[in-house]
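Take a look at the chain below. This report walks through a few of its residues and how they pair up.

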Amino acid sequence: MQDYVINKEYILMDYLINNLKYTHKEAKKKLTNGNILVNQKKITQYNFGLKINDIITITNFNSKLNDNIDIIYEDKNIIVVNKPTNLLTVGTLKEKEKTLYHIVSTYLKTLNKNAKVFVIHRLDKETSGIVMFAKSEKIKKLYQDNWDSLAKYRGYVALVHGEIGKEEDTIIQFLKENNNFYVYATNDKTGKQAITYYKVLKSNKNFSLLEIEIKTGRKNQIRVAMKSINHPIVGDNKYGNDTKYTNIFGLHADKLIIKNPITNKVMTFKTDIPLTFENLVN
């Protein structure tokens, strides 16, 4: 995927042709196939008005098959994708089809009508970034049963409110979840231990951009950790009560280093830091 920040007002079709040098036919095809995202939303209107600081994302797949999914890696056993924000990883009682699982399954079935897909791990709906799926139950089990030993590095970038005093730190907490699905830190060591390491990459008086590594994979772990040091994730209205930044959720899974349980090779998957994060700290 490629991102472009708009520096003055344009009509979308004109911008694609005049600034990105697409032919009229190419630009039309990109729009028709859903390859153009503006602020992470798919746009198909030729005359859509672009505003200053809008972010255009150009994807390299046919969204009629894949929706807004960027395939990072694929082989006969796994598929690794870059999940957009505000998309469920798997279905709920209320929503079955607008999920990453459904989109990946649909894509694989276009290649092989008998293809199956299995969830190895998941991200919160709001969190974007790297997610792995298996193409068989056997492969899913190999990864899931040995996840803690196979996953050598689970990295995120986080955009948080405020300028953090400590350049780096490790936050160790015990987490519990109440009946309203709200995760909280407790002194009660019967909770699940969560270990979150962060390092400040950039900051200004309003925001900090962090590199984060999780040593444990607990539900809402990073969000609770950032809340506990009074620097909540931007756009997090659950743990930070943030209603101002409704178009941003400042958490992105940007790096996964994992050992392949079949070949024993170490694989590294990476994505770019979202431009929306960069823009608020620059």
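Where is the place of aspartate 54? Aspartate 54 sits in the loop between β5 (49–50) and β6 (55–58). Keep in mind that this is a predicted model.

Aspartate 54 is buried but has no salt bridge. Lysine 51 is the nearest side chain of opposite charge, and it is 5.6 Å away. The side chain of aspartate 54 does reach the backbone nitrogen of lysine 51, at 2.8 Å. Beyond four places in sequence, aspartate 54 touches Tyr4, Val5, Ile6, Val38, Asn39 and Gly49.

**Charged pairs**

Side chains of opposite charge can pair when their charged atoms come close. The whole structure has 10 salt bridges. Among them are these:

| Salt bridge | Closest N and O atoms |
|---|---|
| Glutamate 126 and arginine 223 | 3.4 Å |
| Aspartate 145 and lysine 141 | 2.8 Å |
| Glutamate 278 and lysine 202 | 2.8 Å |

Glutamate 278 lies in helix α8 (residues 275–281) and lysine 202 in strand β14, so their bridge ties together parts 76 residues apart in sequence. Glutamate 278 counts as buried, at 17% relative accessibility. Lysine 202 is partly exposed, at 33%.

Aspartate 145 and lysine 141 both lie in helix α5 (residues 137–145). They are 4 residues apart, about one turn of the helix.

Asp124, Glu126, Arg223 and Asp236 are linked in a network of salt bridges. Within it, arginine 223 is buried at 4% relative accessibility, while glutamate 126 is partly exposed at 25%.

**The nonpolar core**

The largest nonpolar core has 32 residues. Phe133, Leu210, Ile212 and Met226 touch the most other members. Helix α4 (100–111) gives the most to this core, with 5 residues.

What is methionine 226 in contact with, leaving aside neighbours within four places in sequence? Its contacts are Val160, Ile171, Tyr198, Leu210, Ile212, His231, Pro232 and Ile233.

Tyrosine 156 is in strand β11. Tyrosine 156 counts as buried, at 13% relative accessibility. Its contacts beyond four places in sequence include Leu210, Ile212 and Asp254. Tyrosine 156 and aspartate 254 are 98 residues apart in sequence, yet 5.1 Å apart in space, C-alpha to C-alpha.

**One face of a helix**

Which residues of helix α1 (residues 12–19) are buried? Leu12, Met13, Tyr15 and Leu16 are. Seen down the axis of α1, its buried residues fall within an arc of 165°, so they line one face of the helix. Lysine 21 follows α1 and has a positive phi, near 65°.

Conventions. Residues are numbered from 1 along each chain as its sequence is written. This is a predicted model: local features need pLDDT of at least 70, side-chain atom pairs count only at pLDDT 80 or more; totals for chains, interfaces and linings use all residues. Side-chain values use heavy atoms; hydrogens and water are left out. A nonpolar core is a set of buried Ala, Val, Leu, Ile, Met, Phe, Trp, Tyr and Cys residues joined through side-chain atoms within 4.5 Å. Buried means under 20% relative accessible area, exposed over 50%, partly exposed in between (1.4 Å probe, protein chains only). Helices (H or I, at least four residues) and strands (E, at least two) are DSSP runs, numbered from the N terminus. Contact means heavy atoms within 4.5 Å. The arc is that of the directions from the helix axis to the C-beta atoms. Lys and Arg count as positive and Asp and Glu as negative; His and the chain ends are not counted. A salt bridge is a side-chain nitrogen of Lys or Arg within 4 Å of a carboxyl oxygen of Asp or Glu. A polar contact is a pair of N or O atoms within 3.5 Å; within protein, one must be able to donate a hydrogen and the other to accept it, and residues adjacent in sequence count only if both atoms are side-chain atoms.
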